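Subject: Structure handover

Hello,

Here is the structure for you to look at. My notes on it follow below.

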Amino acid sequence: MIVILKPDVRRDSPQIQQVLDLASRYPGVTARVHVVEGSTRSLMEIYLIGSTAAVPTEPFQDLDVVERVVRVSEKYRIIGRHKGQIESEGFQYQGVTFDQDTLHVAAGLCAVDTREHVDQMFAALQAAGIPTSRMGAYKPRTSPYDFQGLGKACLPWVFESAGKHDIKVVAMEITHESHIDEINAALDEAGSPTGVMLQIGTRNAQNFELLKFVGRQQRFPVLFKRGMGITLEESLNACEYVASEGNSRIILCLRGMKTNLGDPHRNFVDFAHVPVVKRLTRLPVCVDPSHSVGSRALSPDGLTDIHHATAAGVIAGANLVLVDFHPEPTTALCDGPQALTLDELGPYLDDIAIVREAYEKRRELARKSAEAARSAGA
Ligand code: PEP
Ligand code: MN
């Protein structure tokens, strides 16, 4: 059950205690206060967790401080968009707002290799005015004999270079909880010149212990990648593990599904699920065209399949594009064949801007026709 408080209620308001006191009267029920950073306003919500089936809504509804009470299904209680919840869940991190209305591009190396490449990548992003990037230090590879990433050794110079180039957020995959300690220590040591978004890769989408661990820490937001061989519902339930432990600063990333039916793409592009995830949850939605498509193949219209997959995600309302770039793809130690080059960054961003504008026009058209239909019916 979710008790939604009136919009003007502050976190330190004594009225919140009234709700908590009332909740404590019901055995087996625990209450957790949750702040929803919506695009237009912040809301306080109190989650009642446990045996809430027998808890009546009226006593909560009768409190002055309460706007409304929502009964939620058993599934993804925190990340889910339940009946009556209009606000999308969003958050600010490092001065960057991530929600279901914004769009950012996190471009960068699949795997960190040399300082020069990292520097060149960040410099190109800075020149383009982009504060969000990706850099893989811990790589989950299919074969144990493949390059496994530079690990903690590269963190000091990756973070220093990010800070130097005004990069605010670096998405970085972790495959073990100890990696969070290493990132924490390296950031502290460097004086926090940038921020990190902890990426949970598709292979760990159901590593529940890791998910609980990233959910228990509050310092970093989480980029959760959909499992490549499980249903969307299973992925959303897995993602809920992060939120259920207390961290709901989450972006859900679509990255294609594993099946030969998607050949010749590396994965079957699943970006038609962008609006589905927005409807089922209040999380911002990311698309990863690089790991979906897996190559720089060019179609006869002069655009790569990566450009087309990106456009498919953006026209459907994606809020983040996670994309592989590399200054010298032929020397990349991981996923070089799918990396775009730095020369392509500017035109790629221009292409995204065209598509985003089209999406905004579509949204406006839908809003106007819904309004017209309402006033015709009134
Ligand atoms: C990645 O983004 O570097 C990656 C390994 O992606 P995925 O987990 O989607 O395969
Ligand atoms: Mn990769």
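A polar side-chain atom of Gln 199 sits 2.9 Å from an oxygen atom of ligand 1. Polar contacts here are pairs of N or O atoms within 3.5 Å; within protein, one must be able to donate a hydrogen and the other to accept it, and residues adjacent in sequence count only if both atoms are side-chain atoms. Lys 139 has a side-chain N or O atom 2.8 Å from a ligand 1 oxygen. For Arg 203, the corresponding distance is 3.0 Å. Of the 290 Å² of accessible area that ligand 1 has on its own, the protein covers 97% (Shrake-Rupley method, 1.4 Å probe; for residues, only the protein chains shown count as cover). The residues around ligand 1 (a heavy atom within 4 Å) include Cys 110, Lys 225, Arg 255 and His 291.

This is a predicted model: local features need pLDDT of at least 70, side-chain atom pairs count only at pLDDT 80 or more, and totals for chains, interfaces and linings use all residues. Residues are numbered from 1 along each chain as its sequence is written, chains are lettered from A and ligands numbered from 1 in the order in which they are written, and side-chain values use heavy atoms, with hydrogens and water left out.

Next, the metal. Ligand 2 is a manganese ion, and its protein donors are Cys 110 (SG), His 291 (NE2) and Asp 335 (OD), at 1.9 to 2.3 Å. Donors are N, O and S atoms within 2.8 Å of the metal (3.2 Å for Na, K and Ca); water is not among the atoms, so sites may look incomplete. The donor spacing in sequence is C-x180-H-x43-D. Cys 110 lies in the loop between strand 7 (104–109) and helix 3 (115–128), while His 291 is in helix 9 (residues 289–293), 181 residues apart. Both Cys 110 and His 291 are buried (under 20% relative accessible area; exposed is over 50%, partly exposed in between; 1.4 Å probe, protein chains only).

Back to Gln 199. Its bridge partner in strand 11 is Leu 223. Strand 10 (residues 195–200) pairs with strand 11 in the parallel sense over 3 bridges. Pairing takes at least two DSSP bridges. Helices (H or I, at least four residues) and strands (E, at least two) are DSSP runs, numbered from the N terminus. On strand 11 (residues 222–225), Val 222 and Phe 224 point one way, Leu 223 and Lys 225 the other, and all are buried. Strand 11 also pairs with strand 12 (residues 250–254), parallel, over 4 bridges.

Best wishes
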